[in-house]
Amino acid sequence: MPGRKRKSSSSGMVTVLLILMPVGLIFLPTTVLLAVGMLPTVVAYVVDRDPDKTAPMTVGGLNFAGVFAFAVSLWQAGHTMAALSRILTDPFAWLVMYGAAGLGWTLYYGIPPAVAGWIILRAESKIAQRIEEQRELIDLWGTEVNGIVEDVKDA
C-alpha cells in the first residue's frame, strides 16, 4: 500500500543485539578473540567504498581463517580467560591473524591487475596472429585483398 511506511530496520538491529549480547557474554573468551583478531576486516569494511563491499569479503575470509586457528586452540585449552591471555600475548598469534588479513589485502589489490595484464597479453597475441594471417593472405592473393582503396578511378 502506498500510504503505509516500512518498519525501521533499527528494531531488527535491536533484536539481533539482544540475542548476540548474551551469547557473546557466555562465550566471552571467543568473543574477545574474534573482536580483536577481526579488526582488519572491520577496517576493510570501513574503508571500502565499493557498494558490493568486496574488500571485507576477501580480507575477512582469510582473516577469519587466521583467527579460527587460535579459536580452536582456545577451545582446546579450556575456553578460559587465562588461555585467551596466553594467545593474545603470543606474537606468533598476532602475526598469523593479521598476516592472514595482509594476505587478503594482497589478493584484493594483486589479482585484478594480474588478470588485466593477462587479458591484454592474450589480446595482443591474437592481434599479432591476425596481422600475420593478413600478410599471408596478401602474399597469396595480392594487395587487392587488403581492404584499402588507394585511388578511385573514373569509370
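Asparagine 63 lies in helix H4, residues 54-76; helices here are DSSP runs of H or I with at least four residues, numbered from the N terminus. The model is predicted, so local features need pLDDT of at least 70 and side-chain atom pairs count only at pLDDT 80 or more, while totals for chains, interfaces and linings use all residues. Residues are numbered from 1 along each chain as its sequence is written, and side-chain values use heavy atoms, without hydrogens and water.

Asparagine 63 is buried, at a relative accessible area of 0% (buried means under 20%, with a 1.4 Å probe and protein chains only). Its side chain makes a polar contact of 2.9 Å with the side chain of threonine 41; such a contact is a pair of N or O atoms within 3.5 Å, one able to donate a hydrogen and the other to accept it. Beyond four places in sequence, the contacts of asparagine 63 (heavy atoms within 4.5 Å) include Met38, Thr41 and Met97. Methionine 38 in turn touches Leu33, Gly60, Asn63, Phe64 and Val67, again leaving aside neighbours within four places.

Met38, Val67 and Met97 are among the 11 residues of the largest nonpolar core, a set of buried Ala, Val, Leu, Ile, Met, Phe, Trp, Tyr and Cys residues joined through side-chain atoms within 4.5 Å. H4, H5 and helix H6 (91-141) each supply at least two residues of this core, and H4 gives the largest share, four residues.

H4 also packs against helix H5 (residues 81-88), at an angle of about 145 degrees and with axes 9 Å apart. Axes are lines fitted to C-alpha atoms over the stretch in contact, and angles run from 0 to 180 degrees between N-to-C directions. Phe70, Ser73 and Leu74 of H4 meet Ala83, Leu84 and Ile87 of H5.

Definitions and conventions:
Buried < 20%, exposed > 50% of the residue type's maximum accessible area, 1.4 Å probe, protein only.
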